[in-house]
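This briefing covers a few residues, where they sit and what surrounds them. Please look at the sequence and the 3D view first.

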Amino acid sequence: MSKKKVAKLGLTAAVAATTFVAANPADAASVSQAEQAVKKAEQNARGLVKFYSSEDLKVSAEFTASYNNVRKLISDAKAQLANYKGKDKSQLEAILASAENHQAAAARYIDAVGILNGKLVESTKAVSAYIKSQELNADTVAAYDTLSAEIKKAEAVIGKVRGAQIRKAFKDSFLLDAKLTREALIYEVSQYQLLNQINEKLKAEKVDLKEVQADFAKLDRLKERAVDIKKAGKELYPDRDDVYPTHTAIEQQLRKSEADAKEAYVAKLDPVVESVSVINAKQIEITFNKAVDKDTVLNDQGTKDTSDDVLLATAVDIKELDGQLAPKVITEGSAKASLSADGKTLTITAQTTEYFDGRYTVVVTDNVKAVDKKAFSKATFNINADDKTRPTLKGVTYKDYVTANVEFSEQIATAGTITYKLANGNDLAVNPTATVVDGKIKLDLTAVTDNDKDIIVTIVGAQDFRGNAVSPNPITVSVKKSTADDVKPTVESITATGNKSFDIKFSEKLIADPTISNVGGQVVTLTKDVNDATLYHATLASSVSGLQTVSVTAFADLSNKAGDAYSKVVNFSADEIAPLLTSSKVEKIDGIEYLVLTYNKNVVPTDAVAIDGTYLDNYVSTPMSPTLTTETASPAVANAPFTLYKPVDGKSNSVKLDLSALTKSAEYTVELDKGLVKDLFGNDSAEVKNFKFTRTSNVSTNAPKVDGVTPNALDNNKITISFDRAIDGASAINATNYQVEGATVEKAVLVNNSTTFDVELTLAKDSNNASGARTVSVSGVKSQAGTVMETYTTTANLVENVRPTIAKAELTSDSVITLTFSENVYNAAAGADVDFELLVGGTKVTGATLDTEDVVKGSAKKTLTLTLSGYTLKASDLDKLSVKAVSDTDIKDANDNAYAASTVTVKQ
């Protein structure tokens, strides 16, 4: 065989060998199995599309079986491809990846159905249950948080579901309910959590009140936003009742929690006057950040009707700034005043003809206190009253059947022109009488004979105090003199309340006080009860006893329907039981300790009863000294007043006894004599032996308050600070606790006696260089119990305290020395007056006298002459001369600042 043939055979054999490998039965089977597995997996995976593309949002048994089969087929195909080395492996892997994508889409669909039907539904139901039961607590918040977390998970899962339409179906069918349930409570939970945070901050020892205030502002914004969004949400889903439902109980809970938090917040605030504003020409309004103690701003007139309460002149000072005269100058002591329901707004109404017009300074003094007894810092406001608002009609009210009051939005000054017609257009036989009373038009219908007919009243040109006419103008109202009431008033009861007092109860209100007669011929004083207008308290001029006839006549109801005369025999000795002591306590009232005795009925104190006893001193019983003597009038310093405690309508079942005379802090044992008090029937209280009480001291636990700052009229270097109670000496004499603008406080000295608590300040000489109003601040002073005062700031008119000095001394003749001062001075003493002595070479010249020129205060000038006598100057003295002020020199400047004594060289 030739070499060529051999070579050809080898090539053919090689090709044949290659073909043989490819056609190897085992390899062929491998290719077929892998391809079949991949294709089978891919074909079945495509079958999942109909399931995960369905908007039924269900996972059927068929879907589950198909999905599980595809998972197995894909797993098998991956195993076949693992060791597969064919050229088409990458192609098969791509086909298998497509199958896996279908599987993943199906898995996400299944996951979405699972989570939406599982925990999301459960957490939605949990929150819905709290909404239904109207419960909002920590458990509600926990359920709300769980629902929020599940919604977040569901959104993440749904976001992976294939197909925008399918995702929308999931959201609309499942997620929407969950979200609406959460939204139904979202703002309530937010408020609940924020209020909890606020309360936790307020409980802390140190509170950042500005931070809390910001939290409250956040709460307000949250509430406002909730209103807007809830309204929009309801409009978006008008057919769904579960969209932002009304949470009545939860809302009440939140508002109560908010009110409690604000109360706790306000309690931590320093009392501050927030604003003063003009309401109209008759009224201004003062707002406070805390509720005001009404007793510090109102003079209660003792009636149930608070509209007659008067402003305490010590609370507010109102000064006009434009040189006005009455009626534009407001008299505080006659102005009416009222507090709002929350106690934070004081409304002041100028009285009679007075009204606000122009510029005013309103000073709220530190006499005004909050209900927690802390004083408001003195505050000054400038207001400009320029009322241009026209009054409008409020309506008609009736005091009684013959008195109709036409009321307006503000007080009016003039009624204008008033005409009257009956409703049918006819004139009245007799017209009402119209007057302006307390800013209302009072129509007196007494003389009107057209009873029970509508009267048309036309008011033209009525004006307020600023001259603004009513709006509209004219105004028409209807009034009527009604006599329809035909029920007579009756006396329901007459009850003795003491041996000189009794009560009369009527069936209805009366138009005027009734007439009371008989009762032993006594003069009777009547007072209507402040809470019950049908009840009258009668007081006799002196005591009566036994059976007495009480006659009630001349009484009529508000329709002037007269009642029948009534008489009753009343036993004024019905109560013969002595009042019994039921309790006692030692109570500190305004810094003074009182023994408060409470009885089982109303009592009156007895004057001049001695109370003897002992006190325990170091375990030794010691006779009490002095003996307490009860006094019902204003007492002397050494005695103790005995008065009703917290009387209401002049009555009380308690009395208080001032213990100030007992200086020893100890346990006392005394005898309370019979008749220490009497009940209202004159029965004496029983004797009480071995009565014990413990006296401590009158040291007030309240912080001291400055009562006044008074410059010394005789000494420009002195200022007196007066406090309202005994103060701690160490803090009182600490000069750094006092600041005087433009001057230096050198020292403070406590001036303390039994009735005043003063500190005298000494200003450093020459430290105040100008006269005028200066700010004075006091802080750091403590009560004897150690309570530190709040900083007090005021102004005081101080006179400058810079002492005059000698600018130069000149020898103007052989016996006259002329002194030139730094300012005008005068020589207070008349006649021969020695204020200086002559020195030569620094040594006093014996026998030399320098008589100071007399100058009266009104003629103060800069130069004074000294006339030398008793010594003749020598030429050798001229360059050695000086004058020295004596210690008691009385040369002063025009403000009475004494000359700053010194030695001055005399020049020629």
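Thr-349 lies in strand 7, which spans residues 345-349; strands are DSSP runs of E with at least two residues, numbered from the N terminus. This is a predicted model, in which local features need pLDDT of at least 70, side-chain atom pairs count only at pLDDT 80 or more, and totals for chains, interfaces and linings use all residues. Residues are numbered from 1 along each chain as its sequence is written, and side-chain values use heavy atoms, with hydrogens and water left out.

**Thr-349**
- Thr-349 counts as buried because its relative accessibility is 10%; buried means under 20% relative accessible area, exposed over 50%, and partly exposed in between (1.4 Å probe, protein chains only).
- Beyond the neighbours within four places in sequence, Thr-349 is in contact with Lys-282, Gln-283, Ala-335, Lys-336 and Gln-411, where contact means heavy atoms within 4.5 Å.

**Lys-500**
- Lys-500 is in the loop that runs between strand 19 (491-498) and strand 20 (501-506).
- With a relative accessibility of 33%, Lys-500 counts as partly exposed.
- Lys-500 and Ala-538 are 38 residues apart along the chain, and their C-alpha atoms are separated by 8.4 Å.
- Apart from neighbours within four places in sequence, the contacts of Lys-500 include Ala-538, Thr-539, Leu-540 and Leu-680.

**Lys-528**
- Strand 22 (residues 524-528) contains Lys-528.
- Lys-528 counts as partly exposed, because its relative accessibility is 40%.

Definitions and conventions:
Helices (H or I, at least four residues) and strands (E, at least two) are DSSP runs, numbered from the N terminus.
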